[in-house]
Amino acid sequence: MEKHYKGNPNLKAENVSIDWTKERLNEYLRCKNDPIYFAKHYVKIVSLDHGLIPFKMYDFQETLITNFHENRFNIAKLPRQTGKSTTVVSYLLHYALFNDNIRIAILANKAETARELLQRLQLSYENLPDWMQQGVGSLNKGSLELENGSKIVAASTSSSAVRGNSFNIIFLDEFAFIPNHIAKQFFSSVYPTISSGNTTKVIIISTPNGMNMFYKLWHDAERGKNGYVPLEVHWSQVPGRDAEWKRQTIANTSERQFTQEFECEFLGSVDTLITASKLRTMVYDDPLTRNKGLDVYEDPKENNTYLMTVDVSRGMSNDYSAFIMFDISEFPYKVVAKYKNNEMKPMLFPNIIHEVAKAYNKAYVLTEVNDIGEQVSSILHFDLEYDNILMCSMRGRAGQLVGQGFSGKKTQLGIKMSKTVKKIGCSNLKTIIEDDKLLIKDYDIISELTTFIQRNQSFEAEEGCNDDLAMCLVIFAWLVVQDYFKEMTDNDVRKRIYEEQKDQIEQDMAPFGFIVDGVNQETSFVDQDGDRWYLDEYGDRAYMWEFR
């Protein structure tokens with residue numbers, strides 16, 4: 001009988017008998033009960049400098065394995081090049097060896113990356129003593145199956161990766177680099193496979209990459225709002241990394257790259273409309289109610305005034321039909337509800353708008369009508385007879401003006417998005433968010449703002465992301481400076497912001513006028529327009545700058 005799997009002297013074939021000694025049996029039992037001991041004494045890894053070497057673990061790596069062993073759900077935020085993948089692989093190898101009939105999935109943003117992790121596991125397995133190995137049933141680039149019935153598979157993280165299968169452990173490597181829409185689809189399909197058992201485990205390991213689903217899972221874990229046990233590792237916990245190492249790394253890369261990859265900050269995309277410093281301070285919260293895309297943060301209040309802005313898609317799963325409900329009763333304005341659904345058909349969307357708008361004291365509704373939105377707005381106005389629809393009229397160089405009850409050929413039941421409207425809306429949105437004049441606590445909205453970036457003199461979603469909610473904000477920001485809106489709310493946003501910042505603006509302006517050098521000691525003079533200017537003293541110099 002062949003003792004080796006397909007002639008590989010490092011792999012034991014199935015059904016090969018082993019001579020057990022007391023020492024081997026004791027060592028086997030010790031390894032089974034202690035995954036850290038197993039990793040330290042039996043796992044070998046490849047070092048770039050020294051080739052195949054024993055796995056000498058850092059303290060934080062021992063903590064990681066302890067967390068994996070003792071908890072079902074783990075999420076870890078680690079810098080680059082800290083041996084995080086090697087640590088997880090050693091634990092997965094232990095779990096497959098010492099448990100019968102279990103299934104493990106290694107998933108990464110690319111199938112090639114997942115297979116590379118499986119190859120590391122296979123290499124460590126080949127270097128175990130034969131008395132500790134399980135016989136190999138099958139081994140290839142995508143899976144490893146052992147004679148104890150345990151199987152490890154490697155694949156890309158997608159909605160179909162584990163559909164129809166049940167797994168005891170799912171390992172998600174560099175989860176922050178999975179596109180957000182794929183991450184959401186994956187979790188909606190994978191959660192049933194997790195919840196089917198009482199001991200199933202999920203291990204999520206990543207370096208941050210913007211404010212995406214990994215960001216949400218991490219912060220929910222920190223606040224105790226999900227079942228994940230969080231663990232953060234700082235770059236200084238890796239031996240040999242000190243202030244000089246940091247200085248050299250920044251010199252060879254950039255401050256921003258170091259901050260994201262080693263300080264592990266959840267930075268958004270580059271060139272976002274809203275500054276990264278502001279995005280970092282925006283905190284999301286859970287809605288009061290959540291139902292089929294509608295998230296409600298505040299219930300309607302009897303005497304408050306509400307406004308809804310609407311962005312319409314074709315309902316073909318690529319883009320989302322979306323709306324945001326704003327409370328415009330007082331300053332600053334607030335987002336009180338939002339709707340986002342990529343399967344809602346345009347013919348049915350008006351009914352959703354109608355029901356929610358009615359509930360919020362017959363809220364004003366402003367819809368983007370460039371494409372299919374015109375049909376939505378028409379159904380809402382004519383079929384459902386909803387009156388509080390804001391219309392726009394074209395007024396030549398003045399552009400679009402908003403109001404109610406316009407008539408004429410150049411009037412539409414909503415706003416046509418143009419370069420001018422978008423430019424004004426983006427500029428205003430930046431101002432009102434960064435000056436805290438619009439309060440947002442919805443995760444999806446904040447997430448879209450982190451990927452709403454500048455492209456060709458305009459702003460749009462980063463590739464692979466959506467901006468439907470962001471465009472609802474742009475429409476609102478365009479509207480707030482319209483005269484009709486000022487009359488509705490008795491609020492002039494631009495004026496309010498200027499009044500609040502007036503003193504700072506005046507302080508930032510450089511003094512102007514004439515420098516008095518001591519030759520002319522006149523304390524005042526009258527200029528050619530008849531205005532009298534007086535002398536103000538500043539330390540040891542004087543400037544003619546204030547006129548009364």
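Start at the second largest pocket, whose lining divides into 6 nonpolar, 6 polar and 12 charged residues. Keep in mind as you click around that this is a predicted model. To land in the middle, select Lys184, Met213, Arg290, Tyr443 and Asp444, which lie nearest the centre of this pocket among its 24 lining residues. The volume here is about 790 Å³.

Now colour the elements around it. Helix 6 (180-195), helix 7 (213-222), strand 17 (333-341) and helix 14 (443-449) each supply at least two lining residues. Which of them gives the most? That's helix 6, with 5 residues.

Next, hop over to the largest pocket, with a volume of about 1,200 Å³. Select Val46, Gln81, Gly83, Thr86 and Arg120: of the 38 residues in the lining, these lie nearest the centre. Elements giving two or more residues to this lining are strand 3 (44-47), strand 4 (51-54), helix 4 (84-97) and helix 5 (111-126). Helix 5 has the largest share, 8 residues.

Last stop: an open sheet of 3 strands, ordered 20-19-21 with antiparallel pairing. Strand 20 (400-403) and strand 21 (411-412) are at the edges with a single partner strand each, so one side of each has no neighbour in the sheet. Select strand 19 (residues 391-394) together with strand 20 and you'll have an antiparallel pair joined over 4 bridges.

Conventions. Residues numbered from 1 in each chain as written. Predicted model: local features only at pLDDT ≥ 70, side-chain atom pairs only at ≥ 80, totals over all residues. Heavy atoms only, no water. Pairing = 2+ DSSP bridges. 1 Å grid on protein atoms, 1.4 Å probe; cavity = no way out; pocket = protein on both sides within 12 Å on 5 of 7 lines; lining within 4 Å. Points joined across faces, edges and corners; volume = space filled by probe spheres on them. Nonpolar A, V, L, I, M, F, W, Y, C, P; charged D, E, K, R; others polar.
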